Structures are given as structure tokens and as C-alpha cells.
Amino acid sequence: MNKQTALHPEHVKLGAKLVDFFGWDMPINYGSQIEEHHAVRQDAGMFDVSHMTIVDVQGAQAKAYLQHLLANDVAKLTVKGKALYSGMLNEEGGVIDDLIVYHFDDTNYRVVVNSATRQKDLDWLNKQADGFDVSINPRDEFAMIAVQGPNAKEKAGSVFSAAQQEAVAGMKPFFGVQAEDLFIATTGYTGEAGYEIIVNKSDAGSLWQQLLDAGVKPCGLGARDTLRLEAGMNLYGQDMDENTSPLAANMGWTITWEPADRDFVGRKALEQHKAQGTAKLVGLVMKDKGVLRAGQAVRCEAGDGVITSGTFSPTLGHSIAMARVPANVGDTVEVEMRKKWVTVNVVKPSFVRNGKSVL
Amino acid sequence: MSNIPKELRYTATHEWVRPEGDGTFTVGITEHAQDLLGDMVFVELPDVGDEVSTGDDIVVAESVKAASDVYAPISGEILAINGDLEDSPELVNSDPYGDGWMFKIKAEDPAEVEGLLDAEGYESTIEED
């Protein structure tokens with residue numbers, strides 16, 4: 001029996017096509033994945049992301065603990081509500097998960113991790129907490145709705161109370177604030193503006209309905225995947241995993257090397273990866289017919305590689321992909337598609353931002 | 001329940017076949033098939049004049065989810081292809097038995113169609129899925 005989010009009855013009511021997503025019944029679409037994709041790029045869409053794991057990290061040594069746990073440095077977080085994206089690494093420098101951490105004060109943080117990795121993440125968080133004065137509390141009483149798109153803030157704002165509207169007024173990207181019964185963050189996974197809203201499970205259905213009434217289109221995991229890939233955002237388990245160095249997953253920017261004496265988990269291994277050199281994650285663009293798909297083989301003069309994520313980009317009208325390839329890759333590579341080798345262009349792994357092509 | 005028109009013939013690989021009465025047949029994929037594949041993004045059709053044999057993979061239907069082959073349900077010559085699918089592959093989703101047709105074929109042996117599934121037979125094969 002799969003797990004269901006608090007919004008499951010809403011998905012059924014809307015006629016969603018539900019699929020098994022790592023043990024959860026989740027909507028893949030509500031009809032057309034491509035229409036949902038366009039709604040987020042052009043107007044406002046919402047996703048049930050209640051399957052993600054929310055963990056509060058609190059205690060006198062919460063800051064020191066997270067500085068030990070994460071490759072990015074929470075010392076960068078000095079303003080209340082500011083968020084940080086980071087990898088959580090194992091001793092071998094592989095990525096256990098990627099996550100967002102929100103800072104309230106140096107003794108109080110909120111971490112949001114993936115759903116598919118929930119148990120191993122919680123085990124790791126607890127194991128690494130050994131010796132730190134810190135408590136690790138999963139917050140299973142919450143649901144989460146991501147509202148994304150150029151009109152997302154305005155439409156979501158229309159269902160907020162006056163106090164909530166005031167709390168989010170002028171909030172910059174990558175911040176979160178507790179406003180009455182909602183935690184509202186300017187984060188997301190689409191490359192558009194918007195909010196991720198954490199709400200009590202008991203209130204989730206009514207918030208969802210209010211957002212629907214405000215003209216926010218329900219969107220499934222299918223559109224979520226094409227949106228994040230256009231935005232050049234990694235998907236854990238596909239673009240990186242425990243056997244991938246963040247340096248080979250376009251996550252070098254999330255590693256804070258200084259101060260050199262911050263001994264975060266995986267640091268020694270990463271220093272070796274850096275000295276030896278690693279493969280890298282690049283973007284691929286194919287304007288001919290056909291769709292690049294995860295798992296397809298890649299070859300170039302510098303050696304072999306593989307597509308980690310590939311799709312048809314509804315915004316661009318052609319296929320895009322992310323691929324792990326040798327670091328000295330040239331401007332083109334060949335991809336094996338349906339038994340033929342096709343030449344495609346290599347670009348930075350980012351394709352669309354704020355509704356527009358960045359190619 | 002998926003829409004399976006009574007007047008059409010079917011294959012177990014989800015093609016439908018409509019007799020046009022003059023030894024020619026129109027072919028597409030079923031509503032059930034398009035639902036499994038999801039939003040169509042490219043449809044690569046054969047060339048008019050191609051001689052095809054039963055079971056040949058002659059169309060690639062590429063959706064957001066996967067690339068799938070569509071097979072010739074009978075042997076014959078391709079008389080026409082649906083050029084509208086070039087710019088509007090989504091017709092396969094919105095109207096699989098109408099504007100989403102893929103090609104017309106002149107049967108080498110029109111009797112071959114008698115060997116295909118009827119609506120009831122097709123329905124029982126997809127219930128087994």
C-alpha cells in the first residue's frame with residue numbers, strides 16, 4: 001500500500017493520473033503535462049510536494065553540526081530566513097542527498113530533503129549528530145505546496161491573510177518566513193519565481209482549493225521534471241548519487257572550501273577529486289527531431305559519457321539533456337539514439353530562466 | 001474506460017485500422033496507447049510509396065515519456081501520411097481516431113484485415129495489461 005499525501009483526495013477529484021513515485025501515490029499529470037509546463041512558464045502552476053521530508057535541526061550546536069554535515073557552509077547564513085542549497089556528502093565525497101537549509105538563528109534551522117532518500121537521510125542526520133548538542137525532528141504533520149510561475153506570487157498572495165502578505169512583501173529569492181500558520185519560502189524547482197508553502201496537513205486541502213479558485217493550475221511530476229531540467233537543476237538519483245562527486249555534478253559552486261579548517265564530511269575525498277580532476281555535467285541541445293533520454297551513451301574525442309537526464313523541452317520546442325562527460329569535452333558530442341550516433345551541441349547545463357531561453 | 005470504436009479493427013500492439021471500402025485502410029494508434037504514452041512531441045512517418053510488410057516498424061511516436069514504434073498492421077503500399085502531425089503531434093492525443101490518424105495503406109491482400117482483432121478482442125488484450 002503506497003503512502004498518500006494530505007492532498008491525495010484533491011488529486012483524485014481533479015482526475016489526476018497517479019503513479020508510484022518511490023512508494024508514494026503522486027500525480028504525474030492532470031491531463032496534459034505540456035500544458036501544465038506552459039502554465040508554470042507563462043502564468044502560475046502548483047505542485048503537491050508534500051512527499052518531501054521536512055526536518056527541523058535545533059540546539060545550542062545546530063550551526064556547528066550543519067557546518068560539519070554539509071559541503072556548503074551555513075555560516076554564510078546571517079540573516080533570519082535566508083536559505084542555502086547544499087549537498088550532504090559521505091566520507092567518499094559522494095552525494096547522499098541535496099537539500100535546502102533555512103536559517104532562523106544559529107540554534108534553529110529547517111532542512112528540506114528529498115522523499116526517495118528519506119530514511120537514509122534521517123539515519124545519516126542522526127548518525128552525524130553524535131557528539132553535538134542538537135535535536136533532529138522530522139515534521140510529518142506538514143504538507144507542502146509549490147506555487148510557481150510569473151504570476152504565482154500575485155495569485156498565491158491573494159489567498160494569504162493580511163499578516164502573511166506583509167510577511168512576504170519584498171522578500172528576496174531564497175528566503176523563508178513563518179507567517180501565522182504557513183511557512184512561506186521564495187524557493188522552487190522550476191526556474192520561475194514563486195513560493196514553496198509549508199502548511200498543516202489538516203489545512204492543505206483548503207489551501208489547495210483556494211489556490212485553484214485563484215487560477216493556479218495543478219501540475220504533476222511530469223511537468224516538474226521538464227521544468228527543472230530546462231532550469232538546469234539536478235534531480236537526485238538521476239544526475240548524481242552516492243557514487244558521484246559534486247564536482248562531477250555541476251555542484252562545485254555549492255562547496256565552500258574556505259575556511260580550510262572547516263572539516264565537513266567528505267572534505268578530504270573532495271580535495272582528492274579536485275586534485276585528480278573529475279568528469280563534468282554539461283548540457284546537451286539537439287534541434288533535430290527526436291528526444292534525448294537518460295541512459296543514452298555519449299562519446300567524444302575525450303572519451304565516453306552518459307546522459308543523466310533528457311527530455312523534450314516544451315519551452316524551446318526541441319530536446320535538451322544533461323550528460324556526464326570528460327572534463328575536456330569539445331563543442332559537440334555524439335549520442336547513441338535508437339542505434340544511430342547523432343551529433344549534438346554541448347552547452348552549459350541551463351536552458352530556460354524566467355520563461356526565456358538562455359541558450 | 002478507454003474509447004474503442006466498434007467499427008475499427010485493432011492489433012495487440014495498439015494500432016487501429018479503418019476500412020475505407022476500396023481496399024485502402026487508415027491507421028493510427030488507440031486512445032489507450034496515447035494515454036499510456038502521454039503528450040506526443042514528434043511523430044516520424046514513413047514515406048508515401050513505401051512498400052511495407054505486416055509487423056514492420058514504420059512510425060516512431062515520440063512522447064514526453066518514451067519513443068515507441070508503431071507497426072504496419074497489414075502489408076501494402078503507403079498511400080498517404082498525415083502531414084498535420086509534423087506541426088501538431090498533439091492531435092494523436094486529442095483525437096486519436098480522427099485528426100490524429102497516421103497513414104493510409106493500400107492492402108496487398110484486403111482479407112488480411114479479417115485476421116485483426118475486433119473491438120471486443122482488443123478490449124480483452126488491454127485488460128490483461
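## Helices α2 and α8 of chain A

In this predicted model, Gln33(A), Glu36(A), His37(A) and Val40(A) of helix α2(A) come into contact with Gly222(A), Ala223(A), Thr226(A) and Leu227(A) of helix α8(A). Sorted by class, the residues in this contact are 3 nonpolar, 4 polar and 1 charged.

Two packed helices are described by the angle between their axes and the distance between the axes. For α2, which spans residues 33–42 of chain A, and α8(A), the packing angle is about 55° and the axes are 8 Å apart. The angle of about 55° is the reason why α2(A) and α8(A) are oblique to each other, and the crossing in which α2(A) passes α8(A) is right-handed.

## The two domains of chain A

The domain assignment divides chain A into domain 1, covering residues 1–269, and domain 2, covering residues 279–351.

Where the two domains of chain A meet, 16 residues of domain 1 are in contact with 17 residues of domain 2. On the domain 1 side, the elements that give two or more residues to this contact are α2 and α8 of chain A, and the class count for that side is 6 nonpolar, 6 polar and 4 charged residues.

## Where chain A touches chain B

How many residues does the contact take from chain A and from chain B? Chain A gives 10 residues and chain B gives 8 residues. On the side of chain A, the elements that give two or more residues are α2 and β16, the latter spanning residues 303–313. By class, this side of chain A holds 3 nonpolar, 5 polar and 2 charged residues.

## The loop between α8 and α9 of chain A

Pro246(A) belongs to the loop that runs between α8, residues 221–230, and α9, residues 267–276, of chain A. Is Pro246(A) buried or exposed? With 27 other C-beta atoms within 10 Å, Pro246(A) is buried, because a count of 20 or more is what buried requires. Leaving aside residues up to four places away in sequence, Pro246(A) touches Ala71(A), Gly87(A), Leu89(A), Val95(A), Met251(A), Gly252(A), Thr254(A) and Ile255(A). Leu70(A) is 176 residues from Pro246(A) along the chain, and the C-alpha atoms of these two residues are separated by 12 Å.

Pro259(A) is also found in the loop between α8 and α9 of chain A. The peptide bond that leads from Glu258(A) to Pro259(A) is cis, with omega near 0°.

## Two phenylalanines with positive phi

Phe22(A), in the loop between β1 (17–21) and β2 (24–29) of chain A, has phi near 45°, which is a positive value in a residue other than glycine. Phe22(A) has 14 other C-beta atoms within 10 Å and is partly exposed.

Phe174(A) lies in the loop between α6 (162–168) and β10 (176–179) of chain A, and its phi, near 65°, is likewise a positive value in a residue other than glycine. Phe174(A) counts as partly exposed, with 16 C-beta neighbours inside 10 Å.

Thr343(A) is part of strand β19, residues 340–347 of chain A, and it is exposed, with 11 other C-beta atoms within 10 Å. Thr343(A) touches Thr332(A) and Glu334(A), when residues up to four places away in sequence are not counted. Between Thr343(A) and Ala62(A), which are 281 residues apart along the chain, the C-alpha atoms are separated by 50 Å.

In chain B, Glu127(B) is found in helix α4, residues 119–127. Glu127(B) counts as exposed, with 9 C-beta neighbours inside 10 Å. Glu127(B) and Val43(B) are 84 residues apart in sequence, and the distance between them in space is 27 Å, C-alpha to C-alpha.

Notes:
Residues numbered from 1 in each chain as written. Chains lettered and ligands numbered in written order. Predicted model: local features only at pLDDT ≥ 70, side-chain atom pairs only at ≥ 80, totals over all residues. Helix = DSSP H or I, 4+ residues; strand = E, 2+ residues; numbered from the N terminus. Buried ≥ 20, exposed ≤ 12 C-beta atoms within 10 Å, placed from the backbone. Contact = placed C-beta atoms within 7 Å. Axes fitted to C-alpha atoms, helices over the stretch in contact; angles between N-to-C directions. Parallel < 35°, antiparallel > 145°, perpendicular 65-115°, else oblique. Left-handed = near helix turned anticlockwise from the far one by under 90°. Nonpolar A, V, L, I, M, F, W, Y, C, P; charged D, E, K, R; others polar. Domains from an automatic or database assignment.
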